Amino acid sequence: MTDTVPDLSIEHGIDRKIDTRKMKVTSEVAIQITKMNKWFGQFHVLRDIDMTVHRGERIVVCGPSGSGKSTLIRCINRLEEHQSGQIIVDGTELTSDLKNIDKVRSEVGMVFQHFNLFPHLTILENCTLAPIWVRKIPKKEAEEIAMHFLEKVKIPEQALKYPGQLSGGQQQRVAIARSLCMKPRIMLFDEPTSALDPEMIKEVLDTMIQLAEEGMTMICVTHEMGFAQAVANRVVFMDQGQIVEQNEPREFFRNPQSERTKLFLSQILGH
Amino acid sequence: MSDTHAQTVAFVRDTMIPEQVPPVTERGAVKWLRENLFNGWLSTVLTVLSLLVVAWMVLETGPWLMRSVWDAGSLSECRRIWAEAGVPAGACWGVINDRLHQLLFGFYPPHLYWRPVLALALLLVALGPILFPWVPRKLIWFSAAYPFMAYFLLWGGSIWLPVSAALGFVVAGAVLVLLRPLGTLPATLAAFLAPLLWWAVAAGPFASVMSDLLPVGIEFVRSDRFGGFLISLVIGVTGISLSLPLGILLALGRQSDMILIKSICVTFIEFIRGVPLITLLFTASLLLNYFLPPGTSFDLILRVIIMVTLFAAAYMAEVIRGGLAALPRGQYEAADALGLDYWKAQRLIIMPQALRIAIPGIVNTFIGLFKDTTLVVFIGLLDPIGLSNAIRASSDWQGIYWELFIFIGAVFFVFCFGMSRYSMYLERRLRTDHR
């Protein structure tokens, strides 16, 4: 790697000025992961993960495929179960207690690589389902909230269509709006742009940047290094189920410490 | 070459060619015939063969149908009519005319025919909100009450028996609401056990006490008076409406993480599917009595309904499991990630999609079940087939069979074809994936 920072923001045209006024990291702990281990059968996917996320942080997790980065964030809302160690989300420890799990899940939004919208429901119904059935919000109010967030992701006019009628980028923005309707305090993004055509990546990244500007606590598994550089306050590099290196993005890209990181960055940045 | 200038390189069209009709082979009936009937030599051969088969069938059955006799009280009367006209034998539909009531109602008391007819009319009303979205939603309460009304209308007796049976569900609902603060699981368990307790202990005495206090009722009709299409519909409709929910529960149980529930469901499904229906029916009619406490008389039709339902539910469970397996994992994960609990996720996300995928298989099972109701003839119930045997044994109609079986087949066909059409309508209506 050279000493100059490659201008990553050119990629997918993150050309706007980021409004950093509300992007403040506080001392309040949002997620505390200690000595967490996970196995898939005999395979040790996550090894001794220690990680503290403070309220307001924007963390980008990157690493080669199979490094366990998706598994890590899926453990945070217990889509995957960890076998040892501790995960505390907003003061609630994740155990096999279903009540705690549902509580954490309703406070943590998640956006998937393949959107996972509900194809049998309209966009509006996708967004109001959880508020109505989990939060017990009256339908009318839930629809107002949903329209508010659909406007925010700039597709209110699609509200009565079905997911199958929307483009990939639009679907992913709906998926973000659907999560936001639950008014989560933490958002997890699991490779949100990996399944999208290049021209649609920008619209999704824009939405994510907007969210970051409002001070949302976010953890993103992504290969969009431009996004990492523009928005993240910390980049976590994982390999073979371990956190290999983490740093603030400028230092991370300019001055990677481990050989593994250097190799990864040289491959992903295409030099 | 009139409108081009061949000598120059540039080309300017000075006359526009008017639109012309396509050649005769490319339009109208000729095009249709060529594309659909004579598209290559194989297609042509098959077309000719099919036409020959159709012609042969029409020539064979046509004259027989043309010589139909409708007004006759017996087969010999039909024969006399043909002999007088000097024609060979034809179709003697007089048997349908003569025995229609029997084919429809069996030995149900004729002065009470209005009761099954009313029950059928109310069935159509009760099906409305279940089958069609444009029917007012409020009517679903009528559908919920319908089974008890239908029982009362068909069998009669004291009104308090169906009422006390229905009260079991009211008890369940009340327990569920009252115990909600204790948590979902205890409340659900209690709501499941409370009605069982009610039916086992309180329902009988309640019904008899109420009958003494306020005797309201209509004439009681014993099960052995039931017959014909009445019995097919009673067994078929009850079996269909019970086997779907039971099948859903079995399919979910089979996918459960809880090993005990899973093995119970797997054993049940595999056992029931592995045994012929007729065996189960014989069990219902003969063996069950040995296992029941002496003195209990357990209605034969009810026993048959239970067996048919269990049989169809086992098939249903596998059909629905197919639908569940077709759903991407992401749907479960998205539901989980939004904080929906298991039952809400199943009800709002998983089942609506899995059932839609499984519609063809579900309706297939329904149709199979409905036609299988004719098997009850082997345990002595007088369904249409059983009645046709009885009718043919009478001196008036000895020797007739085509007409009876065509009629019975046609009625079954109308019901099954109706179900099939409805399922296609439903598939179209629920198609939202726009693939």
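Hello everyone, and thanks for having me. Please keep in mind that we are looking at a predicted model.

Let's begin with chain A and its four-stranded sheet. This sheet is open, its strands come in the order β2-β1-β4-β5, and the pairing is antiparallel. Which strands stand at the edges? They are β2, residues 43-54, and β5, residues 92-93; each has a single partner strand, so one side of each is left without a neighbour in the sheet.

Now let's walk through the pairs. β1(A) and β2(A) run antiparallel and are joined by 8 bridges. If you find Ile31(A), you will see Val53(A) of β2(A) standing opposite. The hairpin of these two strands has 2 residues between them, and Gly41(A) there takes a positive phi near 60 degrees.

β1(A) also pairs with β4(A), again in the antiparallel sense, over 5 bridges. Here Ile31(A) comes back into the story, as its bridge partner in β4(A) is Val89(A). Val89(A) in turn has Thr92(A) as its bridge partner in β5(A). That takes us to the pairing of β4, residues 84-89, with β5(A), which is antiparallel over 2 bridges. Packed on this sheet is helix α1 of chain A, residues 69-76, which touches β1, β2 and β4. The direction of α1 makes about 120 degrees with that of β1(A).

As a bit of background, strands of a sheet pair through backbone hydrogen bonds, either parallel or antiparallel. That is handy for the next sheet.

The other sheet in chain A is open too, with 6 strands in the order β6-β7-β8-β3-β9-β10, and its pairing is mixed. At its edges stand β6, residues 108-111, and β10, residues 242-247; with a single partner strand each, they have one side left without a neighbour in the sheet. On average, neighbouring strands here are turned by 20 degrees against each other, ignoring direction.

Where can you see a parallel pair? Look at β3, residues 58-62, and β9, residues 234-239, of chain A, which are joined by 4 bridges. Within that pair, Val61(A) has Val236(A) as its bridge partner in β9(A). Helix α9 of chain A, residues 259-268, packs on the sheet and touches β3, β9 and β10, at about 100 degrees to the direction of β9(A). Helix α2 of chain A, residues 98-107, lies across β6 and β7, running at about 65 degrees to β6(A).

Over to chain B. Chain B is divided into domain 1 (23-66), domain 2 (100-108 + 223-429) and domain 3 (158-218). The centres of domain 1 and domain 2 of chain B are 39 Å apart, taken over C-alpha atoms.

Two helix pairs are worth a look. The axes of α9(B), residues 228-254, and α12(B), residues 300-326, come within 5 Å and cross at roughly 45 degrees. These helices are therefore oblique to each other, and their crossing is right-handed. Their contact has 22 nonpolar, 5 polar and 3 charged residues.

For α13(B), residues 329-337, and α14(B), residues 342-372, the axes come within 10 Å and cross at roughly 165 degrees. α13(B) and α14(B) are therefore roughly antiparallel, and this crossing is right-handed as well. Among the residues making the contact are Tyr332(B) of α13(B) and Ile349(B) of α14(B). By class, that contact divides into 5 nonpolar, 3 polar and no charged residues.

That's my tour, thank you!

Technical notes: Residues are numbered from 1 along each chain as its sequence is written. Chains are lettered from A and ligands numbered from 1 in the order in which they are written. This is a predicted model: local features need pLDDT of at least 70, side-chain atom pairs count only at pLDDT 80 or more; totals for chains, interfaces and linings use all residues. Side-chain values use heavy atoms; hydrogens and water are left out. Domain bounds come from an automatic or database domain assignment. Axes are lines fitted to C-alpha atoms, for helices over the stretch in contact, and angles run from 0 to 180 degrees between N-to-C directions. Angles under 35 degrees count as roughly parallel, over 145 as roughly antiparallel, 65 to 115 as roughly perpendicular and the rest as oblique. A crossing is left-handed if the near helix is turned anticlockwise from the far one by less than a right angle, and right-handed if clockwise. Ala, Val, Leu, Ile, Met, Phe, Trp, Tyr, Cys and Pro count as nonpolar, Asp, Glu, Lys and Arg as charged, and the others, Gly among them, as polar. Two strands pair if DSSP finds at least two bridges between them. Contact means heavy atoms within 4.5 Å.
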